[in-house]
Amino acid sequence: RVAGEAVLRGSVQRVVLAPVDGYVASAAARPGDVVAAGAVLATLDDQALQLDVAKWQAEYERLDSEYREALSQLDSAKVAVLRSSIDRAAAEYQLAADNLARAAIRAPLAGVVVSGDFSQQIGAPVQRGATLFELAPLDGYRIDIRVPERDVGAVVRGQRGRLRLQALPGSSLEVVVERVTPVSEVVDGRNVFEVEARLVGRPPALLRPGMQGVAKLELGRERLLWLWTHQALDWLRLQAWRLGTWG
């Protein structure tokens, strides 16, 4: 078997963006919280948004009054101009009303809050389009396994293994390899490749994105002598090749 450090991640992550420019008024959710779809994660100060709604509502009512008066006077030219102005005011009012409704930042799905903590930043400014929260559903996970470079050549899609998490040391979960990334990274002085795997079967309710543990992937059967000596022999072959005494 090949062993590697593993991290549990959500199969997908949804980003919650700031719908408008504003200031944080309240923050109900923090990383690690489990939320229902539609739950309020945070709210923005809506005073300016309410003023915008009132402004366009008043403008719409003023134009509508002028429009009715122009109709009664059979002033077709003024009616046409006012009709266009009324349509614009109605559109602006609807936009302002939508922005006011979006001042309450809601969860787009049921899941766990992965990132985003504004509980200590009440009153902080946010810009439209800025990332406020990241959510991951609780019914789908992927496992990122860091496999040492010397072993990654033996890992292929479809291989099965077991995952044991630090939070659940008494039980192991079955996993199957989905993908071996072609890019390496250096972790703690070792060159490793990231292997993506998925859980087999229904995930336990206690799982949360970010949990860490160790995964062991099954490669097959070999003689005990090979298991005990192959890494040392591979190292000796590489050194001999470097020195030009073999191969």
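View 1. Everything here comes from a predicted model, where local features need pLDDT of at least 70 and side-chain atom pairs count only at 80 or more, while totals for chains, interfaces and linings use all residues. Numbering runs from 1 along each chain as its sequence is written, and side-chain values use heavy atoms, with hydrogens and water left out. You'll find Gln 159 in the loop between helix H3 (149–152) and strand E11 (160–165); helices (H or I, at least four residues) and strands (E, at least two) are DSSP runs numbered from the N terminus. A polar atom of the Gln 159 side chain sits 3.1 Å from the backbone nitrogen of Val 156. Skipping neighbours within four places in sequence, the contacts of Gln 159 (heavy atoms within 4.5 Å) are Ala 154, Val 175, Val 176, Val 177, Glu 218 and Leu 219.

**View 2. Asp 144, a buried residue in a strand.** Asp 144 belongs to strand E10 (residues 141–148) and is buried, with a relative accessible area of 5%. Its side chain makes a polar contact of 3.0 Å with that of Arg 142 (a pair of N or O atoms within 3.5 Å; within protein, one must be able to donate a hydrogen and the other to accept it, and residues adjacent in sequence count only if both atoms are side-chain atoms). Not counting residues up to four places away in sequence, Asp 144 touches Glu 5, Ala 6, Val 7, Arg 9, Glu 194, Val 195 and Glu 196.

**View 3. The largest nonpolar core.** This set has 23 residues, and Ile 143, Ile 145, Leu 163, Leu 199 and Leu 207 have the most contacts inside it. Such a core is a set of buried Ala, Val, Leu, Ile, Met, Phe, Trp, Tyr and Cys residues joined through side-chain atoms within 4.5 Å. At least two of its residues come from each of E1 (2–10), E10, E11, E12 (168–187), E13 (190–199) and E14 (212–217). Beyond four places in sequence, Leu 207 contacts Leu 8, Leu 138, Tyr 141, Leu 165, Leu 168, Leu 173 and Leu 199. Another core, of 20 residues, lies apart from the largest one and includes Val 16, Leu 109, Val 126 and Leu 135.

Conventions:
Buried < 20%, exposed > 50% of the residue type's maximum accessible area, 1.4 Å probe, protein only.
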